[in-house]
Amino acid sequence: MQFSIAKPEEVGVSSAALSQTLDYLAQRRVALHSLLVMRHDALICEGYEAPFTKDTLHRMYSETKSLVSLAVGVMCAKGYLDLDDHIVDHFAEKLPLGGPSPELARLTIRDMLRMATPYNGTTYKRRPTQDWVGSFFTARTDHEPGSFFCYDTSSSHTLCALVEKRMGRPLLDVLRREALDAIGFSEQSYCIRDPMGISQGGSGLMATPRDMLALLRLVAQGGQWDGQQLLPQDYLQAATAWQIDNAENGGSGGWDFAQGYGYQFWRLTHNAWSMYGMGGQLAICLPDQDMLLVTTADTQPLAGGVQTILDAFWNCLLPGVADAALPANPAAYAELTKKLSTMQLPIVENLVAPDTELCCATVQMGLNAPGLTALQLQENALVLHYGGKTCTLPFRTGALVQSHLWDDPALPCVIAAGWRAPDSLLFRVHLLGERLGSLSLQLKLRPGGATLALCSHEEHPDPDFSGTAEGVTAV
């Protein structure tokens, strides 16, 4: 897709303020995979942390919910649905033999869109099941629908199933026909499916940051693109407006996310609204500044990491936004351009040289081991043995190494490692594909043995990389 390009000062944005935004996040060790800024319909800032590029598909997590909302809006505009329809009327085949609970029977599509279901959380996470949609109709209800906001991914997923059932096509295909093809949404984008083959409407979108910018621009323009009305304007206005209070239980991402909720869109401070996915997937519209902001990131290891991204925008970027064009600043623009072109995933700083007498050892793991039977520290790799399987983590201290977890092409990763003390080696494994997240491993060597601490920062923590393990050096 093609966007108009401008220098920041040409549309009233300080290049220095954009640089300060990047510095603020780097100093706080935020893995900011991408940053795109548009103002007055011109792209003024675009950068990607290597190995990410503008063409890399990225897991967008709950930003997917906003696409489900757009599809529901299209169906309502075409007369296929009404927001006051009861969801049980569309899924008779999923209802229990005794019929739905009274609370579920009263649940409307409108309440599902604004996260006011009769559940306290995601139904298919309560107990293992292949039928995620079925769980929505058979789980025990917790309260009257419409009572209050409670984040429920199964609601979004069930709405996605409704779209696919009524339209006879996958979610993205429905939206491609209506709008996505027209705005240049990438052909390689896709949505991960649930065990029953339904698009994961709550979290499954794989797309590029430019895709999200184009979609954000379309919604911000009231559904218009190049003079065509692709999406219903009145629905978009309602979807991005305040529909329900979430001050008490909506702010898990930070204070900004307790400002109200629309139809699968978040209200933020600064009169902003946003698509928002776990880990720092953000597509933010600032109507008062006529500015659009898109990020992809992995903030899962950082407490308050998403709010940190927003704080960078509010504290560093917005003070550098003016009502009119600013004088050209070639030096600041050159500095910004350099920073954007040299972005990369965070490394682990190598502080000291290792104690060579402790290295290149094989350790038989035993106490508290999470399935780990042995490890080998080689000159350029840490090899973990889990019974019948082996995981090799190649590394180069103070640098990044591209690899695949478990030597699986479906699990691309980037490995950073560094010696924090002569006997302590720290690893961070950045997971890049559908399984977006990171692993942390800290190896503490000692004469005659070692301790390994493992932590998985993911939507579903990996038991192979969780806990601690103790072992003794093999003789």
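Predicted model: local features only at pLDDT ≥ 70, side-chain atom pairs only at ≥ 80, totals over all residues.

Trainee: What arc do the buried residues of α11 cover around the axis?

Mentor: The buried residues of α11 are A332, L336 and L340. They lie on the same side of the helix, because the arc they cover around the axis is only 70°. An α-helix has 3.6 residues a turn, so residues three or four places apart point the same way. The arc asked for is 70°.

Trainee: How many of the 15 residues of α2 are buried?

Mentor: Helix α2 runs over residues 63–77 and reaches 22 Å from its first C-alpha to its last, close to the 21 Å expected. Buried means under 20% relative accessible area. By that cut-off α2 is mostly covered, and the number of buried residues is 13.

Trainee: Is A139 buried or exposed?

Mentor: A139 sits in the loop between α5 and α6. The cut-off for buried is under 20% relative accessible area. A139 has 18% relative accessibility, so A139 counts as buried.

Trainee: Which residues does A139 touch, not counting residues up to four places away in sequence?

Mentor: Contact means heavy atoms within 4.5 Å. With those sequence neighbours left out, the residues that A139 touches are Y119, T123 and R126.

Trainee: What is the order of the three strands in the open sheet?

Mentor: The edge strands are β3 (58–59) and β4 (190–191), and each pairs on one side only. β3 is joined to β5 by two bridges, and these strands run antiparallel. In one of these pairings, R59 has M206 of β5 as its bridge partner. The order is β3-β5-β4.

Trainee: Which residues lie nearest the centre of the second largest pocket?

Mentor: The second largest pocket holds about 400 Å³ of space. Strands β18 and β19 each supply at least two residues of its lining. The lining has 19 residues, and those nearest the centre are R29, L302, P346, I347 and R428.

Definitions and conventions: Residues numbered from 1 in each chain as written. Heavy atoms only, no water. Pairing = 2+ DSSP bridges. Helix = DSSP H or I, 4+ residues; strand = E, 2+ residues; numbered from the N terminus. Buried < 20%, exposed > 50% of the residue type's maximum accessible area, 1.4 Å probe, protein only. Arc of directions from axis to C-beta. Expected span 1.5 Å × (residues − 1). 1 Å grid on protein atoms, 1.4 Å probe; cavity = no way out; pocket = protein on both sides within 12 Å on 5 of 7 lines; lining within 4 Å. Points joined across faces, edges and corners; volume = space filled by probe spheres on them.
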